[in-house]
Amino acid sequence: MVLELAGHEVAVSNPSKVYFPRAGVTKLDMVRYYLAVAPGALSGVRGRPMALKRFVNGAEGEPFFQKRAPEKRPDFVQTIELSFPSGRTADEVVVTDEAALAWVINLGCIDLNPHPVRAADLDHPDELRVDLDPVPGVEWPQIREVALVAADVLADYGLTGWPKTSGSRGMHIYARIEPRWEFGEVRRAAVAVAREIERRAPELATSKWWKEERHGVFVDYNQNAKDRTVASAYSLRPVPDVRASTPLTWTEVPSCDPADYTIATVPERFARTGDPWAAMDEAAGSLDGLLEQAARDEAAGLPDAPWPPHYEKQTGEAPRVQPSKRRSGGSGGSGRRQSTMPLIEVARAETKDEAMAGLERWKAKHPDVWPRLEPADVLVDAMRGRSSVWYRIRLNLRHVPEAERPPQEPLEVDYNPWTGVQS
């Protein structure tokens, strides 16, 4: 099928290919969806470098993504070279019109992930992004409560927040900012936002980076570090009912349900109400207030929050090691790590299903212990291996009386991702 868009011909190959079996959604359905919401979708990605993530159809309801740069591009698709903290560079697509948008979707890159910068100035973000990521067991109403707190924090520091569902488990709140600050300063402001949200709602939200310390809704400040991307407004997401990351008004947030916003419902909503984020570009604000708050936090003794693991150690950063493995100052110079959290490891597995099966076996062995654990006490980590991801499961026994805590036992699954790798 060939479409005429923005003065260009765009071929849609294999339009009847099914991408979401449970919902019966085809490639052509996805192209039509993005064209129906194009004014809103393009406002979020136009002029921005975008990390393409190609959809690969695995088991029903469990699609996964693989980053891959397309090798051939038509002349109406622009690219720009980005450099990353790791030292690598990549040519990334810059979508400018409906033709380029449809071309990207035809590749199977249905989840749009733009960087928070414009191609004309890659060093100065024009968005601060607040990513609300619930820990296991946290229900949607708590996420909505934290979103409202985040809106107040941004407003108190002179910024306008623009909320949207993530299309997955959380919410995103964007604040348009003047492109005057570099990535490090924007991230510093985001850390200040996360800590202020935690101060105002300590029972609901956390700014703690390490999973073993988190509770409630994690405010992921590191989504503002350079090379991090977030699903854009109107992006379809890899979930069985094909939800969309949908912009909302603040009056909708207290009662919104992410299940209401899907490939089937959002086009009609867009046609009826328009884009709630249409005025965002007119609301660019300053980071001065948040950076002053960051300075006050630092003066009060708060170190820089931990950075993602592939970044070099930063000046003033807190120790980049999980609390349960930090060295104790009272170890007498032995260098032995003293646990501050009662963690045990259950499984290391090549796949998540194998890891979870190992957890089920552990639960069967310890029927009196398992009911004492809370959802946040089950730490499922996707770990980077040599060329793929493997999975680790740990349990935090903090809610189990010390005398009843089971010891570290042989792992239920003991996968070694480094087998065959020469040292």
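**View 1. The largest nonpolar core of this predicted model comprises 94 residues.** Within this core, the residues with the most contacts are Val 104, Leu 128, Val 130, Ile 197 and Leu 287. A second, separate core has 15 residues, among them Ile 344, Val 369, Leu 397 and Val 413.

**View 2. Leu 128 and the residues that it touches.** When residues up to four places away in sequence are not counted, Leu 128 touches several residues, including Leu 154, Ile 173, Tyr 174, Ala 175 and Ile 177.

**View 3. An open sheet of four strands with antiparallel pairing.** The strands follow the order E8-E9-E5-E10. Strand E8 (78-83) and strand E10 (113-114) are the edge strands, each pairing on one side only. Strands of a sheet pair through backbone hydrogen bonds.

**View 4. The antiparallel strands E5 and E10.** Strand E5 covers residues 49-51 and is joined to E10 by two bridges. Met 50 stands opposite Pro 114 in E10.

**View 5. Asp 227 and Tyr 234 in the loop between E15 and H6.** This loop lies between strand E15 (217-219) and helix H6 (266-273). Most residues other than glycine have a negative phi. Asp 227, however, has a positive phi, near 85°, and the phi of Tyr 234 is also positive, near 75°. Is Tyr 234 buried or exposed? Tyr 234 counts as buried because its relative accessibility is 2%, and buried means under 20%.

Technical notes: Residues numbered from 1 in each chain as written. Predicted model: local features only at pLDDT ≥ 70, side-chain atom pairs only at ≥ 80, totals over all residues. Heavy atoms only, no water. Pairing = 2+ DSSP bridges. Core = buried A, V, L, I, M, F, W, Y, C linked by side-chain atoms within 4.5 Å. Buried < 20%, exposed > 50% of the residue type's maximum accessible area, 1.4 Å probe, protein only. Contact = heavy atoms within 4.5 Å.
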